[in-house]
Amino acid sequence: MLLLLLTLFWGRSISQTLEFALRVPESVTVEEGLCVSIPCTFTYPERYKNNHTAYGYWFQKKDKSKKELVATNKYELNKQWRRRGRFHLIGDLQRDECSLRISDANVRDNGRFMFRVEKGSSLKYLYKEHQVNVMVTALTQEPKIHLPAILESGQWVTLNCTASWACEQATPPTFFWTAPVFSPSRNPPWRSSPGPPFFSVLPLTLGPQYHGTNLTCHVTFPGANVTTRSTVRLNVSYAPENMTFTVHRMNRSDIALSSSGNASSLTVLEGEHLRLACAAESNPPATLSWSHEGLGLGLSPSPDPGVLNLDLPRVAVRDEGKYTCQAQHPLGSRWISLHLSVHFPPRLVNSSCSRDVEGLHCSCAILANPPPALRWWVGGQPVSGNSSGRDHLVTSSGSGLWANSTLRLRGVLEPGLRLLCEGTNPHGTHGLTILLASDTKPLITNAFTNGVTLAAIGGAGVMTLLSLCLILLIMKILRKKKEATGSGVTESQGIAKVDYTDLQEVTGSDVTESQGITKDQPWEAEPGSPLDLPPPADLSSDEARIEELHYASLTFLGLKPRETQASREPSTEYSEIKFR
């Protein structure tokens with residue numbers, strides 16, 4: 001009998017325990033600031049079902065002996081509950097539903113939760129065997145920024161930032177936009193929606209300053225005091241702007257000059273090494289090109305987008321002019337220009353000298369940049385640009401970079417007279433020196449003159465012998481004269497020979513071939529073109545000021561010799577005029 005009674009007692013206890021059941025997940029996970037709903041249903045024995053109102057209680061277990069009420073449907077307790085608004089018993093207890101919703105979750109909500117049901121005075125049961133473990137993790141959700149597919153400078157756009165994953169029951173999030181181009185005092189106005197879906201709208205008028213900038217949308221959840229953000233990099237297309245060119249003077253310690261305006265000018269010395277770098281800011285990078293006086297230079301594309309270099313390794317006069325860099329872009333094109341002026345020291349381009357019935361007529365033409373100052377020296381004395389005197393007349397003129405001058409000497413030309421045509425500018429001096437010299441060899445020897453005198457004094461007997469000697473002597477002289485005439489000497493012409501010798505440098509060079517001229521026929525130095533003249537080796541050094549020496553001799557008949565005087569100054573052209 002005792003055994004039967006024990007069996008009936010334990011069977012009743014087991015069946016009664018099985019009649020109280022709670023169906024909930026073992027654990028749930030929620031991110032900070034967000035919401036989570038815990039589905040829950042419960043059962044209890046049929047004998048406790050009555051018409052009384054069912055009350056539910058959710059507790060958070062703090063330790064083994066303490067638990068804290070977080071949510072209930074009993075108004076008297078709920079209105080005093082400090083966490084009211086974050087935990088909600090959303091299940092319909094009359095239908096045996098006990099679901100719990102947690103809003104604005106934070107790290108304090110980590111732990112185990114238990115449910116208790118009360119119905120009337122007879123049903124009070126805590127489902128401690130069925131607990132839910134709640135885990136709160138860091139917020140990883142990010143807002144999403146919506147941009148137009150194409151962004152162009154000058155375009156008015158509306159940017160959207162949405163937080164579609166934010167729950168409706170939580171405290172509404174706040175939005176905030178930041179970008180490096182925004183100033184604290186002039187942030188662009190944006191607006192946010194008060195309810196779901198939660199989003200913010202930012203209106204902008206785009207400009208080049210927005211290209212490449214990072215635009216960030218911040219979303220803050222006040223209930224949990226956490227913030228998340230999302231960043232996009234703006235890609236704004238814009239036409240070329242801020243065009244600049246930089247001049248690198250490579251043989252002057254790489255001096256760089258920059259300019260951002262048009263019609264700029266630069267003056268350099270002939271022979272310098274220049275590098276012109278053109279740069280333009282645009283997106284996408286513009287196509288750059290260089291032109292000289294309107295003619296394209298056909299340079300290879302630069303590996304550096306937005307920059308194109310033009311190298312002038314040895315600047316010559318032909319490189320002078322207007323250089324234009326053009327930037328072509330789908331949204332517009334721009335250009336920038338530079339006028340290059342090439343300076344060089346004076347150089348003798350043309351010279352001539354001739355003799356006529358009025359005297360000696362010499363001229364010279366000198367080219368230089370800046371234009372040269374030209375003057376003559378006669379016998380070591382300077383003669384002004386345009387002047388006249390009893391024995392000379394000087395006529396000078398200039399046109400652009402040219403200077404021309406003519407010297408006419410009247411009267412007797414004395415051997416040893418030195419003439420100098422000199423051109424000077426800040427970069428050097430160049431000129432032509434003419435030296436009047438004589439040939440001391442007479443046309444008729446003294447022996448012939450003495451023989452004639454003796455023949456006139458001697459007797460008739462000696463006359464025959466002298467006559468015979470005279471005939472032989474005259475034949476000999478005529479033979480010599482004939483030989484002299486065959487070599488280009490004509491007594492009636494007055495100018496026997498012009499020798500032009502070109503010694504290119506003071507250090508010495510090959511001598512050019514002599515040339516002969518006749519009376520009233522000018523001799524000319526080999527003409528040169530300003531575009532074809534070779535540049536000096538280094539205009540920045542002292543050697544560039546060493547003048548070239550050119551020699552020429554003019555030989556005239558019938559003038560007495562005189563000692564040659566030393567030159568007053570070094571010169572580049574040397575002409576020697578000889579007399580007989």
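Modeller: Helices (H or I, at least four residues) and strands (E, at least two) are DSSP runs, numbered from the N terminus. This is a predicted model, in which local features need pLDDT of at least 70 and side-chain atom pairs count only at pLDDT 80 or more, while totals for chains, interfaces and linings use all residues. Residues are numbered from 1 along each chain as its sequence is written, and side-chain values use heavy atoms, with hydrogens and water left out.

Colleague: In which helix is L468 found?

Modeller: L468 belongs to helix α4, which covers residues 460-486. The residue is partly exposed, its relative accessible area being 49%. Buried means under 20%, exposed over 50%, and partly exposed in between (1.4 Å probe, protein chains only).

Colleague: In what order do the strands of the open sheet with β14 stand?

Modeller: Three strands form that sheet in the order β14-β17-β18, with antiparallel pairing. Its edge strands are β14 (174-178) and β18 (226-233), each of which pairs on one side only. Between β14 and β17 (residues 214-221) there are five bridges, and T174 stands opposite T220 in β17.

Colleague: What is a salt bridge, and how many does the structure hold?

Modeller: Side chains of opposite charge can pair when their charged atoms come close. The cut-off is a side-chain nitrogen of Lys or Arg within 4 Å of a carboxyl oxygen of Asp or Glu. The structure holds 10 salt bridges. One of them joins R47 and E19 at 3.6 Å, N to O. This pair links distant parts of the chain, 28 residues apart: R47 lies in the loop between β4 (41-43) and β5 (54-61), and E19 in the loop between α1 (2-18) and β1 (21-23).

Colleague: Are R47 and E19 buried, partly exposed or exposed?

Modeller: R47 counts as exposed because its relative accessibility is 51%, whereas E19, at 32%, counts as partly exposed. Another salt bridge joins E46 and K49 at 3.0 Å, N to O. E46 is exposed at 57%, and K49 is partly exposed at 39%.

Key: Pairing = 2+ DSSP bridges.
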